[in-house]
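Trainee: I have a model open and would like to go through it with you. Where shall we begin?

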Amino acid sequence: MTDTPTEDGEEQTETGDRQATGEQPGPETPTGEQPEPDAPTDVGRPSVLVPLKLLEGESLPNGVPELLANARVVLLGYHVIPEQTATEQAREQFGEKAMSKLDEFADSLAAAGADVETRLVFTHDEATTIDRLIYEYECLAVLVPNSAERVDSVLVALRGTVGVGRNTRLVAGLFADAGVDVTLYHALNEGESPDDGESFLNGVRADLVERGVAADRIETLVEDADAPLDAIAGRAESHDAVVMGETDPSVTTFVFGMPSEQVAERFLGPVLVVQRERPEE
Amino acid sequence: MDSSDPPDSSGPSAAAGPPDASGPTDGSGPSRAGVEVPDTLAAVVDADTGEGELERTIGLVGGLAIGVGTMIGAGIFVFPGLAAENAGPAASLSFAIGAVIALLVALPASELATAMPRSGGGYFFISRGLGTAAGAVVGLGLWLGLVFAAAFYLVGLGSYAGQVFLEAGIALPIDPAVPLGVAFGVGLTVLSLFGTENTAALQNGIVILLLVILTLFLSYGSLDALGVFGAERVPERFFPPGGTLPVLQTAALVFTSYLGFAQVATVAGDITEPSRNLPLAMVGSVLLVGVFYVVTIFVATSAFGSARLGEFGETAMVEVARSFVGLPGALAIVVAGLLATFSSANASILSASRAVYAVSRDEIIPETASRLNLAYGTPHVALGLAGGPIVVLAATGQVALLAEVASFLHLVMYGLICVALIQLRRERPSWYDPAFRCPAGFAVAGVGGLASFALIAFMQPASIGVGAAIMIAAYGWYRYYATDVELKGDF
């Protein structure tokens, strides 16, 4: 869908397969309106990482297959093992059981229409594993797997122009043909006027329309919120899923957890956390 | 860290190559990251066999910390008094002999570890290289060797904990070292059964703190010993009255201070880039602690006469520090000693449990022994098999005997590691393709093996007796239970 040359010249290898599945995004070429020129490599379905702690009883929540029907899902089953235990030891004992569970979930995702790749990892460190797989599959987003009864409307919380191209790619890729209402939300930053906010969201809307999302399904919402996270969590209640970005770790992050985590805890529905562009090595 | 949230991207950064279903480290892809290059060997071991893949999470620093953290507790904080009493200032030579032997074994062990980066360490190499019988003797011996070592560290830990009471001016009616050691043993076992231990980060911190305290202390002590601060020290006769024999006997006694490098190999399955990090961590940790040990003895025997040091017993270093800088120095060494013996004891308990797992995986002992508890993810049977005997042995309080039996059982393994290297290099089985090759392999392994076995001869008869009995019992068990297990070349 984009002919912007990629920085490293790499092409997604499975472009052809994706087209065969018939879920091609619109044929439009992005124009100057695209707020970020950094969104190029992914041709075809957006990759979404779905991490599940299989052996702690986490299963694929309701609504997730529907939510990710148009995605290339990287289904990661993982088990965190205390350091006093060898990973091999856990694999030997639990590997088979975990794998069959994972396959079951993969089937239900595939039945809903998603392309699925499964990985099962025994690890001492959750963050290392998730981060490694985000890189390996160039995942646009990671799902916080909470359940949704249905997927009719999605809240897309946008902070600013940086990296917004990845948000639009994800939203358009997942929901362009899915008959889902998209609400673009922006909490004003300091020194930003409501007009600035509106024009930012209108730019994003135009980009989404160009990527194949029906214009009448997109709403915009600008708000001057003292506590953006509370506001997002509050707004989310009238939606079925949330799309938001990850944040730089900061002191508040250490104390209160990642913002997306805080939102997910209060919202209790699925949250797609859009990943920053990972630096190339 | 208990959420499904993405980690921040400040973590290791890997180039996003085209996803490849054949796995992350297929060796032909682009370099995955600045800190990580494809490790073909690791890829083979971790590859998904239909039951999931394994994440490697311990880097070079973590590996060094395991080695140093396991070793440094004994050599610096328990042995100086005992060693000086036996061998005088020449005890530093004893420690140097130990370092040389450890290095001669660490090099062949590194080669084997990069050819077989699997959990189990020395047991794994020997069972695959020399067969089930030798493997069973070493595997069961390694388990009990670590049990003896852990009990020894616990008594040391108890001595330092007792020293806390002394420094606080609280008089106790009995020597608290043994009861406290036993209490710590029970506590650590329970902790490892139920705790989601995040000891790696803690271990790194402890080791760095220890190295800082020791570097300051030993620098000051060395300058003082060389007369920089003006105090005249009368140099003691270097060799003890008995000549070289006590030096060699002491080398056998204090060899327990060098057991830790093999622990790096027991977690080989968790080490990132094993081809590079395993040899560096093993050889590096031996060199590092060897230097510290030799300097420590030099400083200690300069500060006090050897006989005086011997009277101070396990906590002699506290008195040495006190003689330099008074109470603050003594307190610093008490704290350092607590940390060091604690981390050594903890590491040994965990390694002993891994040794049990390794032999149970190969069905040398019943499989039940390696069952994991799903709720805690810990091998409760194996930890029990480690913690139970450790507590019993710690209760005996026989520091020298515990140390020597631990050394005995390890030295047998080290000798056989060298034999396994020679055997594998001669047989050249198709799977044997080490990324690191020990320089002058045959010579190093030959001398290392001979030296390991020879050192055993200088131990007390009682230690040799207990060690030999354990080996005979292990062999008997193999004949009774595991004769139908074929492990040679099973890789």
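Trainee: Are B:Asp362 and B:Arg361 buried or exposed?
Mentor: Both B:Asp362 and B:Arg361 are buried. Buried stands for under 20% relative accessible area, exposed for over 50%, and partly exposed for what falls in between, using a 1.4 Å probe and protein chains only. Please note that this is a predicted model, in which local features need pLDDT of at least 70 and side-chain atom pairs count only at pLDDT 80 or more, while totals for chains, interfaces and linings use all residues. Residues are numbered from 1 along each chain as its sequence is written, chains are lettered from A and ligands numbered from 1 in the order in which they are written, and side-chain values use heavy atoms, with hydrogens and water left out.

Trainee: What does B:Asp362 form with B:Arg361?
Mentor: The two form a salt bridge, and their closest N and O atoms are 3.9 Å apart. The term requires a side-chain nitrogen of Lys or Arg within 4 Å of a carboxyl oxygen of Asp or Glu.

Trainee: Which residues are joined into one network by salt bridges that share partners?
Mentor: A:Arg119, A:Arg132, A:Glu136, B:Glu53 and B:Glu55 are joined in that way.

Trainee: How many salt bridges are there over all chains?
Mentor: The count is 23. One of them pairs A:Lys53 with A:Glu126, again with 3.9 Å between the closest N and O atoms.

Trainee: Why does that pair tie together parts that are 73 residues apart in sequence?
Mentor: Because A:Lys53 lies in the loop between strand 1 (47–52) and helix 2 (64–67) of chain A, whereas A:Glu126 belongs to helix 4 (residues 126–136) of that chain. Helices (H or I, at least four residues) and strands (E, at least two) are DSSP runs numbered from the N terminus. Both A:Lys53 and A:Glu126 are buried.

Trainee: And where do B:Glu167 and B:Arg322 meet, in terms of N to O distance?
Mentor: Their side chains meet in a salt bridge at 2.7 Å, N to O. This pair links distant parts of the chain, 155 residues apart: B:Glu167 sits in helix 6 (residues 132–167) of chain B and B:Arg322 in helix 13 (residues 316–361) of chain B. B:Glu167 is partly exposed at 22% relative accessibility, and B:Arg322 is partly exposed at 29%.

Trainee: Changing topic, what is the phi of B:Glu363?
Mentor: B:Glu363 has a positive phi of about 65°, although it is not a glycine. The residue is in the loop between helix 13 and helix 14 (380–396) of chain B. Its relative accessible area is 48%, so B:Glu363 counts as partly exposed.

Trainee: Which residues form a negative surface patch with B:Glu363?
Mentor: A:Glu92, B:Glu367 and B:Asp484 form the patch together with B:Glu363. A:Glu92 lies in helix 3 (residues 87–111) of chain A and is partly exposed, at 43%. Patch members have over 30% relative accessible area and no salt bridge; like charges are joined within 9 Å, and nonpolar side chains (Val, Leu, Ile, Met, Phe, Trp, Tyr) within 5 Å. Asp and Glu count as negative, Lys and Arg as positive, with His and the chain ends not counted; a charge is placed at NZ of Lys, CZ of Arg, CG of Asp or CD of Glu.

Trainee: Which residues form a nonpolar patch on the surface?
Mentor: B:Val186, B:Val190, B:Phe194 and B:Tyr376 do, with about 350 Å² of accessible area together. Such areas come from the Shrake-Rupley method with a 1.4 Å probe; for residues, only the protein chains shown count as cover. B:Val190 is in helix 7 (residues 177–194) of chain B and is partly exposed, at 41%.

Trainee: What is A:Thr168 in contact with, beyond its neighbours within four places in sequence?
Mentor: A:Thr168 touches A:Gly173, A:Val204, A:Asp207, A:Leu208 and A:Arg211, contact being heavy atoms within 4.5 Å. A:Thr168 lies in helix 5 (residues 164–175) of chain A and is buried, at 2% relative accessibility.

Trainee: Lastly, how many helices and strands does chain A have?
Mentor: Chain A has 9 helices and 9 strands. Of its 281 residues, 56% are buried. The chain exposes about 11,200 Å², with carbon and sulfur atoms supplying 48% of that area.
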